[in-house]
Each structure stands twice: as structure tokens, then as C-alpha cells.
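Student: I'd like to learn how to read a few features off a model. Can we go through one together?

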Amino acid sequence: AYNCLIHFYKRDRMTKACTACGSEDLDLEETPPFCNECGEEVTEEEGGSEASADLVVVAVITESVPVPNKDKLTKLRVDLGGGEEVTVVTNAKYCDAGKRIVVAKVGASLPNMEELVAKATVGGVKSEGMVCDSPMLGWSGGAAGQAVFLPESFSAGEKPPTVRPKPSS
């Protein structure tokens, strides 16, 4: 029987593992490729992971509440589009319900970070993504640590713009 490779993220690279035993000790140079630990043949799973660019999206804040006993942290519920809603904890200010922000989902790669975005517990609250600032998106203008706010013309789940939108006058 052929087993598919499963892909998982480890630091800044994608790693492959055998689905039969979970081992990363694979001989992919052989034909057919096989797992050195259990001897099973492996095949690469096609189209199993989202491209990292698809993991950075416009989100609409549906709920914003302070994290108890943490002065600077806010727990957000955000709509990522397509019925997907997650919790993200941030120290960015002015993140009020109804505002549009840019969120990096779990597994996203950002230009100014060595590691991929991962699930984390921040201030005792599980966070499933990261609120992006201008430097994270490679934009000029906007300070590090300040959430990027987008006009209402952007919808949840859309790709964020490649440059910082001009404020409307």
C-alpha cells in the first residue's frame, strides 16, 4: 500500500513525514520513495496545503474584549471569510468591532519573521493567527505594532492590497 506524505510546518520550512509511522526519516531519492523507519512506500500528497500568500487575508473584527488582568492585550474574534472565524490576541490599539484588518493565519510566512505563524497562547488565551502591521506586509508608512486598518470596501477573506491604501479625505 502507498502512504501519502503529510506536510507540517517546522520553523521556516515545510517538513515531510510518513503517514504510517510519522517518521521524518524518508528516502525520497529512491524509486519508489520509502520510509527508512517502517519501510512503507510513500507518495506525495497533491494540493494538500494552502499557499502561504492565501494565508494572509482581510478580516472583519466581530468581537473585541480586553484580556482579563492583561492591560495591553485584546482578544478579537475575526471573520476571515467563507464562514471561518477565529480568535486572535493582539496588543495593537483601536481594534474595535466592525473594523477591517489584515490577519496572518496559522502557517503564514511573513517577510519580517523567521518562523511561520503558529497557534499560541497569549495572556492565557488561545490565539489562532496574528494581526498584521505595515512592516509585516512590506508596506511603506505605518508603524510596527500598529494594526493595519482597511476601508469598508474590502471584504473578509480577500487578499490584502499590495500597498497601503491612501486614507480617504
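**Loops, charges and cysteines**

Tutor: Let's begin with a loop: Lys 70 sits between strand E6 (56-66) and strand E7 (74-81). Strands (E, at least two residues) and helices (H or I, at least four) are DSSP runs, numbered from the N terminus. Before going on, note that this is a predicted model, where local features need pLDDT of at least 70 and side-chain atom pairs count only at pLDDT 80 or more, while totals for chains, interfaces and linings use all residues. Residues are numbered from 1 along each chain as its sequence is written, and side-chain values use heavy atoms, leaving out hydrogens and water.

Student: What is the relative accessible area of Lys 70?

Tutor: The scale runs like this: buried is under 20% relative accessible area, exposed is over 50%, and partly exposed is in between (1.4 Å probe, protein chains only). Lys 70 has 38%, so the residue counts as partly exposed.

Student: On to charges. How many salt bridges does a search of the whole structure find?

Tutor: The general idea is that side chains of opposite charge can pair when their charged atoms come close. A salt bridge here is a side-chain nitrogen of Lys or Arg within 4 Å of a carboxyl oxygen of Asp or Glu. The search of the whole structure turns up three.

Student: Which residue pairs with Lys 105?

Tutor: Glu 84 does, at 3.1 Å from N to O. Lys 105 belongs to strand E9 (residues 100-105) and Glu 84 to strand E8 (residues 84-90), so the pair ties together parts that are 21 residues apart in sequence. Lys 105 is buried at 11% relative accessibility, whereas Glu 84 is partly exposed at 34%.

Student: Which residue does Glu 85 bridge to?

Tutor: Arg 77, with the closest N and O atoms 3.4 Å apart. Glu 85 is partly exposed at 37%, and Arg 77 is partly exposed at 23%.

Student: What about Lys 99 and its partner?

Tutor: Lys 99 pairs with Asp 96, their closest N and O atoms being 3.6 Å apart. Lys 99 counts as partly exposed at 30%, and Asp 96 does too, at 40%.

Student: Last one: how many disulfides does a search of the whole structure find?

Tutor: A disulfide is a pair of cysteine sulfur atoms within 2.5 Å. The search finds zero. As for cysteines, Cys 95 is buried at 4% relative accessible area, and Cys 132 is buried at 1%.
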